[in-house]
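I opened the model to look up a handful of sites and wrote down what I found. The entries follow the order in which I looked.

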Amino acid sequence: MSSVVTPEFTRGLPKAELHLHIEGTLEPELKLKLAKRNHVDIGQTTIADVQKTYNYHDLASFLAVYYPAMNVLQTEEDFYDLAWDYLTKAAANNVRHVELFFDPQAHTSRGIPFEVVLNGLYQATVDARALNVDAHLIMCFLRDFSKESARKTLQEGLKYRDKIIGIGLDSDEHNNPPLKFARQFEEAASAGLHITTHCDIDQKDSIEHIRQALEIMEVERLDHGTNIVEDPDLVELAAKRKIGLTSCPLSNSFVSPEMKGQEVIELLNAGVKVSINSDDPAYFKGYISDNYYALAQKYDLTKDQIVQLAKNSFETSWISQRQKQLYLDEIDHFVTANA
Ligand code: HPA
Ligand code: ZN
């Protein structure tokens, strides 16, 4: 097999996307279109104007641009259009399976009913079956909101239990540890929902948060989570429990000086199921295949390593063993055909 990783190879490789915020797929074009359609003044009228606001150097400065932009999302149709635009791009990237995040509180807190958000997104995931993309929704709590707000959000979400695959935790991690939401996570897990949490890169308490998530809350995946390399015992635990780590290289390069490729390589070598994802592609200049390719280029990854990352994405996804095997076979066929 030629060891050179090309953009065509990363695009064609069958993959699962496990760390994707649907609100982070809001491209400037759609943002402006929805602003006009809903008569929302966002203070920008051209794509260049919108792009000029994209200045961030860490998680907090990114979130300060990210959340206000969501004001343009008002109706069920808007949420449908947002998800549909992403899902067509996922299909073009040969994403065969996606478990995507949405932030209900970012919308309910500004008066948009929960069901408007959920129904619009869900209908797009149903229609995406015709694109050959198997899409599911992960409901995230905003960790800088109160426990009480998370409790109410979980109650709402449980009314739509069959339309949600799992629970996540995102937004500003500073002084907002996973344990703050231990009760809600336990209740969600008891209801049969899968659980995952962001442990963002280079946070004040990264290792303590990873420890809480793995040892106490027993999440199935860590979103980002690559600071785990600082603690060999936790790395061993993650490998043993087959915990999925959903790394996002281009996102990392915006909020830190690096893509965290050395950490990804170290985790691969330690047998940890790390995968590559796009996080907020409209804000971080690249969809999932761009993330695979950028990482391969920067760190000289081999095709074997890229293939392992794609296999890890299916292996740590929330699907049956039978489905996993079919997707892994699909990867093997692709690799043979593109040797
Ligand atoms: N971390 C925390 N919150 C987020 C992120 C992230 O990577 N992306 C969108 N919201
Ligand atoms: Zn994220």
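**Annotated site**

I began with the UniProt record, an unreviewed entry, which lists His19, His21, His198 and Asp279 under "binding site"; positions from UniProt are given in the numbering used here with feature names shortened, and annotations may be inferred rather than shown by experiment. These residues span 261 residues in sequence, yet no two of their C-alpha atoms are more than 11.6 Å apart, so they gather at one spot. Of the listed residues, I found His21, His198 and Asp279 in the lining of the largest cavity. A cavity is a set of points on a 1 Å grid over the protein atoms alone where a 1.4 Å probe fits but cannot get out, and lining residues have an atom within 4 Å of a point.

**Ground rules**

I note that this is a predicted model, in which local features need pLDDT of at least 70 and side-chain atom pairs count only at pLDDT 80 or more, while totals for chains, interfaces and linings use all residues. Residues are numbered from 1 along each chain as its sequence is written, chains are lettered from A and ligands numbered from 1 in the order in which they are written, and side-chain values use heavy atoms, with hydrogens and water left out.

**Zinc ion (ligand 2)**

Which protein atoms are the donors of the zinc ion? I read off His19 (NE2), His21 (NE2), His198 (NE2) and Asp279 (OD), lying 2.1 to 2.2 Å from the ion. Donors are N, O and S atoms within 2.8 Å of the metal (3.2 Å for Na, K and Ca); water is not among the atoms, so sites may look incomplete. Along the chain the donors follow the spacing H-x1-H-x176-H-x80-D. The pair of histidine 21, in the loop between β1 (15–17) and α2 (28–37), and aspartate 279, in the loop between β8 (273–276) and α14 (288–299), links distant parts of the chain, 258 residues apart. Helices (H or I, at least four residues) and strands (E, at least two) are DSSP runs, numbered from the N terminus.

I placed histidine 198 in strand β5 (residues 194–199). Histidine 198 is buried because its relative accessible area is 3%; buried means under 20%, exposed over 50% and partly exposed in between, with a 1.4 Å probe and protein chains only. The side chains of histidine 198 and histidine 21 are joined by a polar contact of 3.0 Å. A polar contact is a pair of N or O atoms within 3.5 Å; within protein, one must be able to donate a hydrogen and the other to accept it, and residues adjacent in sequence count only if both atoms are side-chain atoms.

Aspartate 279 is also buried, at 4% relative accessibility. I found a polar contact of 2.8 Å from the side chain of aspartate 279 to that of histidine 19. Not counting residues up to four places away in sequence, aspartate 279 touches residues including Cys248, Ser251 and Phe284, contact being heavy atoms within 4.5 Å.

**Ligand 1**

I listed the residues around ligand 1, among them Leu59, Leu63, Tyr66 and Asp200; a residue is near a molecule if one of its heavy atoms lies within 4 Å of it. His21, His198 and Asp279 are also in that list. A nitrogen atom of ligand 1 is 3.1 Å from an N or O atom in the side chain of histidine 21. For the side chain of aspartate 280, the corresponding distance from a nitrogen atom of ligand 1 is 2.7 Å. At serine 171 a backbone N or O atom lies 2.9 Å from a nitrogen atom of ligand 1.

**Positive phi**

Serine 171 is not a glycine but has a positive phi of about 75°. I located serine 171 in the loop between β4 (166–170) and α9 (182–190), and it is buried at 5% relative accessible area. Histidine 39, not a glycine either, has a positive phi of about 55°. Is histidine 39 buried or exposed? Histidine 39 counts as exposed because its relative accessibility is 74%.

**Two helix residues**

Serine 61 lies in helix α4 (residues 59–66) and is buried at 16% relative accessible area. The side chain of serine 61 makes a polar contact of 2.7 Å with the side chain of aspartate 58. Tyrosine 122, in helix α7 (residues 114–127), counts as partly exposed at 22% relative accessibility.

Notes
1 Å grid on protein atoms, 1.4 Å probe; cavity = no way out; pocket = protein on both sides within 12 Å on 5 of 7 lines; lining within 4 Å.
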